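Hello,

Here is the structure we spoke about. My notes follow it.

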Amino acid sequence: MRSATYDHFGKPTEVLSIGDRPTPEPKANEVRVKTILASIHNHDLLTIRGQYGFKPEMPAIGGSEAVGIIDAVGSDVKNLKVGQRVAAASVQATWAEYFVAVEDMVFPMPDSLDDEMAAQLIAMPLSALMLIEFLELESGQWVIHNAANGAVGKSLAMLAAARGINTINVVRSGDAIKELEALGIKHNINTSDDDWKDQVKAILGDEKISAAVDSIGGESSNDLLALLGHGGTLASFGIMSGKPMVLNPTHIIFKQATIKGFWGSKISQEMSVENKQRLVDELIERANNGNLKLPVEATFDLADILKAVDGKMQSEKNGKVLLKP
């Protein structure tokens, strides 16, 4: 089968190539899926660079999320059948014509969702929903997050709003503000404004921020911590700056703040099937009623993998980049 492979870690445009790999056979508890569309996520690119928490055996096939049609099932599979259209995330090797996945990581997709939505419904939106529950956020509370124009950031803002939770969405440019506004997302803050922290306080009024999500690291971590309310929680989600978190112990001590790490893929793999299905059902509902919008920037044929993972394409995109095997 045709697949996007690499045999050593490095820059995606330098180590990826199209190869012919054996079509995988499902184990007893697995299904094989013929790929329709696969997503390209930041963590996929970090994995190829060898900079992610998961490191595959070489040679490896890229990708971790896709939508497709089941074409084979293992002997122990009970709830899925050949011919079903399904989505899977937190799996491996989806940048190929076929991939295999454990039954518990695969979810049937209704006809009401198109392939473009189904191909990206699980990984980032599910991480956003898990974050909301990880932080124990309730209707009426406030959460602040940076890198809010990323896939998880957008999903977090939309899904939180659907649950009645207020978000303050921190970005670094006017273009990013427009990107959020186009999705109907409110309370967006541009850190290039000198008074951006005062703008946050003006939005809050007498209310406090219950939780913060940091995807950048460095000084940005402390910016969120400084705005966090007493007894709040700061979740470390990513490290886009490549720098260690800078945290003022005064804020930690006197706010009695809690600092926690969040790794969505690990939590997803350890979550019960029933609980994960509950969250996926919510995602499907939000997508169907328009509360969750997942724009697509471009769709590339698998043969054009180097164009799809190019740094300029990935840094300037306003939606998900998808692959069509």
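The notes below cover the numbering, a sheet, a helix and the nonpolar cores.

Residues are numbered from 1 along each chain as its sequence is written. This is a predicted model, in which local features need pLDDT of at least 70 and side-chain atom pairs count only at pLDDT 80 or more, while totals for chains, interfaces and linings use all residues; side-chain values use heavy atoms, without hydrogens and water.

Sheet. Three strands form an open sheet in the order S2-S1-S4, with antiparallel pairing. Strands here are DSSP runs of E of at least two residues, helices runs of H or I of at least four, both numbered from the N terminus; two strands pair if DSSP finds at least two bridges between them. Strands S2 (17-20) and S4 (60-61) are the edges, each pairing on one side only. Between S1 (residues 2-6) and S4 there are two bridges, and Thr-5 stands opposite Ile-61 in S4.

Helix H11. This helix (residues 273-288) has 16 residues. Its buried residues (under 20% relative accessible area, 1.4 Å probe, protein chains only) include Leu-279, Val-280, Leu-283 and Ile-284. Helices H4 (123-134) and H5 (151-162) are among the elements covering the buried residues of H11. Gly-290, which follows H11, has a positive phi near 85°.

Cores. A nonpolar core is a set of buried Ala, Val, Leu, Ile, Met, Phe, Trp, Tyr and Cys residues joined through side-chain atoms within 4.5 Å. The largest has 51 residues, and Met-109, Leu-121, Ile-122 and Ile-132 touch the most other members. H4 gives the largest share, eight residues. A second, separate core of 31 residues includes Phe-300 and Leu-323.

Regards

Notes:
Expected span 1.5 Å × (residues − 1). Buried < 20%, exposed > 50% of the residue type's maximum accessible area, 1.4 Å probe, protein only. Contact = heavy atoms within 4.5 Å.
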